[in-house]
Amino acid sequence: MKRKVVPKSTSVSRSIDLPTTNETSESLKKMENSNRYLHAVIDSLEDELLVVNKDYHIVQANDAVLRNRGKHRQEVIGSYCYEVSHNLVRRCNLPLHECPIRVVWETGRSAQATHIHVFHAEGKRQERYINIIASPVTDDRGNVIAVTELMRDVTDRKEAEDQLESSREQLRSLSAHLESVREEERKKIAHDLHDETSQLIASLTALLEAAVSKLPTSASQSRVLLNEAQELSIQILDQIHKLIYQLRPTIIDDFGLAAAIRWLVESNLEVAGFKVNLKVIGQEIRLTPELETALFRVTQEAISNIVRHAHAKRVNIRLYFRKRVIKLRVKDDGCGFDVNEAITSKDRPRGLGLLGMKERVELINGTMNIRSRPGGGTEIDIDIPFNCEATIE
Ligand SMILES: Nc1ncnc2c1ncn2[C@@H]1O[C@H](COP(=O)(O)OP(=O)(O)OP(=O)(O)O)[C@@H](O)[C@H]1O
Ligand SMILES: [Mg+2]
């Protein structure tokens, strides 16, 4: 049975007993007026407002509460707040709902929570998300004498946030899918270049060589031209091999991430004259191709940015193999840049490299932190946690 307590007079109760004699004082009239004014303000609120005492009884409720809950004031005043808000017979508790009123009584400070309240409108049951701000009402000496609960329906906002999160989730999976499609495509192009184009050019080189050998000694001009053509076809072959390697560095599959990063350093930084200090710390563990490729591509972009933008002299690269995490640090002593500006710049297609790095790292549940300032060099820290399922014997 519903327990109903009519609260004793408190500084927040709704009605004030006025003297019935003609001696009604000026000050009481003023009080009545200010009290009416206060209630008019409270009742004008779209948000629901409750005042709750130490026993969790409602001592005051504004019109919005009565309107939204379809109740009369007498039903609400004196009821427990959790009866009116949740139809519960017990106080709100975790894990279902943290009670912000309890927090206010315990700490003396305001508290916020979002609860699900059930409403019945036009015969339909509706669950709504209600944001609650509970605040202490204090007396002259600062003692908490009651708690106000300001309740706002945030269902629309919550649904919009949920939708946004689900679109983000979809974007993340789309991104992951696109990344794997890109890697597959690179692999396929590398295979085709290797198995078809480079075989044809190798045959062309051999044919040119045969043609040169068949020339009569008198055809010196043709010999020179054919030799040049042969030289060119060898250069094309070399370039195709480089391209194949850039597209799909088989060194990762064959020798692992550390060797692949060493190759990136030699073929991109050292040949360009950078002083590089590369250290691999810990025992290298082989990870799934997905993780290794992602880390490789991210390092590739960081190195390409140093070559293209940093004007650096020294580059420090550290690859840590820890128990459950791989850490990559790439540091240069170059010109630095404004990271926020570079990432949020609307000036596209200026650069997608940093965004791509961030996305790749997030796709494998890692974190990336870039510290840089104009004139102060750049440091990129990447942490990739992994579990034993991500390792390969
Ligand atoms: N190590 C670095 N040192 C100095 N500036 C850098 C460094 N890395 C990035 N930047 C700056 O940040 C900008 C954005 O880099 P981002 O990699 O996103 O694009 P990008 O290299 O210009 O183009 P791309 O899409 O080809 O990578 C660069 O244009 C450059 O100004
Ligand atoms: Mg770049």
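**Figure 1. Ile130 stands opposite Asp153 in strand E5.** This is a predicted model: local features need pLDDT of at least 70, side-chain atom pairs count only at pLDDT 80 or more, and totals for chains, interfaces and linings use all residues. Residues are numbered from 1 along each chain as its sequence is written, while chains are lettered from A and ligands numbered from 1 in the order in which they are written. Strand E4 covers residues 124–138 and pairs with E5 in the antiparallel sense, over 9 bridges. Two strands pair if DSSP finds at least two bridges between them. Strands (E, at least two residues) and helices (H or I, at least four) are DSSP runs, numbered from the N terminus.

**Figure 2. E4 and E5 form a hairpin.** Between the two strands lie 5 residues. Gly142 sits in the turn and has a positive phi of about 85°.

**Figure 3. Strand E1 also joins E5.** E1 spans residues 48–52, and E5 spans residues 144–153. They run antiparallel, with 5 bridges. Val52 has Val147 in E5 as its bridge partner.

**Figure 4. Helix H6 packs against helix H12.** H6 holds residues 155–214, and H12 holds residues 353–363. Their axes are 10 Å apart, at an angle of about 100°. Axes are lines fitted to C-alpha atoms, for helices over the stretch in contact, and angles run from 0 to 180 degrees between N-to-C directions. H6 is therefore roughly perpendicular to H12 (65 to 115 degrees counts as roughly perpendicular). On the H6 side, Arg172, Ser175, Ala176 and Glu179 make the contact. Two residues are in contact if their C-beta atoms, placed from the backbone, lie within 7 Å.

**Figure 5. Glu185 is a residue of helix H6.** Is Glu185 buried or exposed? Glu185 is exposed, because 11 other C-beta atoms lie within 10 Å. Glu185 and Arg248 are 63 residues apart in sequence. In space, their C-alpha atoms are 9.9 Å apart.

**Figure 6. The protein is divided into three domains.** Domain 1 is 47–153, domain 2 is 155–248 and domain 3 is 251–392. These bounds come from an automatic or database domain assignment. The C-alpha centres of domain 1 and domain 3 lie 52 Å apart.

Technical notes:
Angles under 35 degrees count as roughly parallel, over 145 as roughly antiparallel, 65 to 115 as roughly perpendicular and the rest as oblique. A residue is buried if 20 or more other C-beta atoms lie within 10 Å of its own, exposed if 12 or fewer, and partly exposed in between; C-beta atoms are placed from the backbone.
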